[in-house]
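Here are my notes on the model, point by point. Please read them with the structure open.

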Amino acid sequence: MSLSFNVHIHKLPGNEDISLPQQMSELAAGFDIYAAVTEPTELKPGERALIPAGFAMAMPDTLEAQIRPRSGLAYKHGITALNSPGTIDADYRGEVKVLLINHGKETFRIVRNERIAQMVFQQVPRITLEEVGQLPETVRGTGGFGHTGQV
């Protein structure tokens with residue numbers, strides 16, 4: 001049984017020509033996000049920029065939206081989302097923006113209505129943190145950062 005949620009999308013003024021997020025195939029997990037830059041933006045190697053997407057949204061409080069890189073941009077040009085995945089909380093109502101960075105060797109040009117990232121929705125469980133005096137023991141214990149093999 002698949003779950004279904006309604007997410008309200010509001011195209012912001014001045015962005016009537018920008019495509020709304022969309023799935024590019026029937027079973028795609030993510031919705032491609034389009035650049036709402038007012039003029040082409042160049043990202044030189046090592047540079048980062050906050051790219052507007054031209055929309056805001058409202059989703060149920062049991063969801064978050066994760067902003068993730070597009071694999072084609074990452075592979076072909078070294079363009080990725082810097083804080084990946086970036087989280088959009090259910091109570092945020094501002095414009096969605098994508099923090100991109102150029103890890104490639106060439107300047108990359110972002111143009112209006114170009115697909116720049118993808119947005120994946122995830123359910124968020126409600127968690128209550130409970131402070132305790134001691135944690136139960138496990139076989140792993142405090143081992144971390146490569147303790148199970150060669151680094």
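1. The largest pocket has a volume of about 400 Å³. A pocket here is an open set of points on a 1 Å grid over the protein atoms alone, where a 1.4 Å probe fits, with protein on both sides within 12 Å along at least five of seven lines; lining residues have an atom within 4 Å of a point. Its volume is the space filled by probe spheres set on the points, with grid points joined across faces, edges and corners. It is lined by 18 residues, and F5, V7, Q23, F31 and F121 are the closest to its centre.

2. This is a predicted model: local features need pLDDT of at least 70, side-chain atom pairs count only at pLDDT 80 or more, and totals for chains, interfaces and linings use all residues. Residues are numbered from 1 along each chain as its sequence is written, and side-chain values use heavy atoms, with hydrogens and water left out.

3. What is the lining of the largest pocket made of, by class? It has 13 nonpolar residues, five polar and no charged ones. Nonpolar covers Ala, Val, Leu, Ile, Met, Phe, Trp, Tyr, Cys and Pro; charged covers Asp, Glu, Lys and Arg; the others, Gly among them, are polar. β11 gives the largest share of this lining, five residues. Strands are DSSP runs of E, at least two residues, numbered from the N terminus.

4. The second largest pocket holds about 190 Å³. Of its 13 lining residues, I67, N83, T87, I88 and K97 are the closest to the centre. β8 (86–88) and β9 supply at least two lining residues each.

5. β7 pairs with β9 (residues 97–102) in the antiparallel sense over three bridges; pairing requires at least two bridges in DSSP. I79 stands opposite N102 in β9.

6. V124 lies in the segment after β11 (115–123). V124 touches T62, L63 and E64, not counting residues up to four places away in sequence; contact means heavy atoms within 4.5 Å.

How values were computed. Helices (H or I, at least four residues) and strands (E, at least two) are DSSP runs, numbered from the N terminus.
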